[in-house]
Amino acid sequence: MLEHGSYKLEINKQTLVVRCFDAWNIETVMSMCLEYKEHVNKIKDKPWACLVDLTQWELSTPGMWEHIDELNEWGNNNNQKYEAVVCSSSLQQHFMENSHEVLTNVETKFCDTLPQAYQWLESLDVYKT
């Protein structure tokens, strides 16, 4: 089946920036998880952060969350230290808060705006390296 919805991943210093667009099907989720790990493998030798921009995302199929939980657990075990999440709805934030329960080594901050998320990340040592 073809992917529905899209994403963009890029590395900025020791931060992986994840931008999510439209509504996702399971194929998009699986593709994003694979590419996410490929990007992080380039920076995981030192502590790293993730910025997740959900301002243009419309959620996904229910089966998505088991993949996101696994991805969060993988990050937790691969030197992730921080995560900033920008949500456009309280429902998004609710789902993301639930999925972050496995992030025992990661400090998470939910932000209302991208500038607020960048400001928080820039205050961290990991962003400066």
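**First stop: helix α1**

(The expected span is 1.5 Å times one less than the number of residues; helices are DSSP runs of H or I, at least four residues, and strands are runs of E, at least two, numbered from the N terminus.) Now show side chains: Thr28, Val29, Met32, Cys33, Tyr36, His39 and Val40 are buried, where buried means under 20% relative accessible area, exposed over 50%, and partly exposed in between, with a 1.4 Å probe and protein chains only. Look down the axis of α1 and these buried residues fall within an arc of 135 degrees, so they line one face of the helix; the arc is taken over directions from the helix axis to the C-beta atoms.

A word on what you're looking at: this is a predicted model, where local features need pLDDT of at least 70, side-chain atom pairs count only at pLDDT 80 or more, and totals for chains, interfaces and linings use all residues. Numbering runs from 1 along each chain as its sequence is written, and side-chain values use heavy atoms, leaving out hydrogens and water.

**Gln80**

Next, pick Gln80, in strand β4 (residues 80-86). Buried or exposed? Gln80 counts as buried, because its relative accessibility is 0%. Beyond its neighbours within four places in sequence, Gln80 is in contact (heavy atoms within 4.5 Å) with residues including Tyr36, Trp48 and Cys50. Val40 is 40 residues away in sequence, yet its C-alpha sits 9.1 Å from that of Gln80.

**The cysteines**

Jump to Cys50, which is buried at 0% relative accessible area. Cys20 is buried too, at 5%. With a disulfide being a pair of cysteine sulfur atoms within 2.5 Å, the count is zero. Cys20 is in none, and its nearest cysteine sulfur, that of Cys50, is 8.9 Å away.

**Helix α4**

Select residues 114-122, helix α4, where Ala117, Trp120 and Leu121 are the buried residues. Down the axis of α4, they fall within an arc of 100 degrees, so they line one face. Turn to the face away from that buried side to find the exposed residues Pro115 and Gln119.

**Last: colour by confidence**

Mean pLDDT (the predictor's confidence in each residue, from 0 to 100) is 86 for the chain, and 86% of residues reach 70 or more. Where pLDDT is low, the predicted coordinates should not be read in detail.
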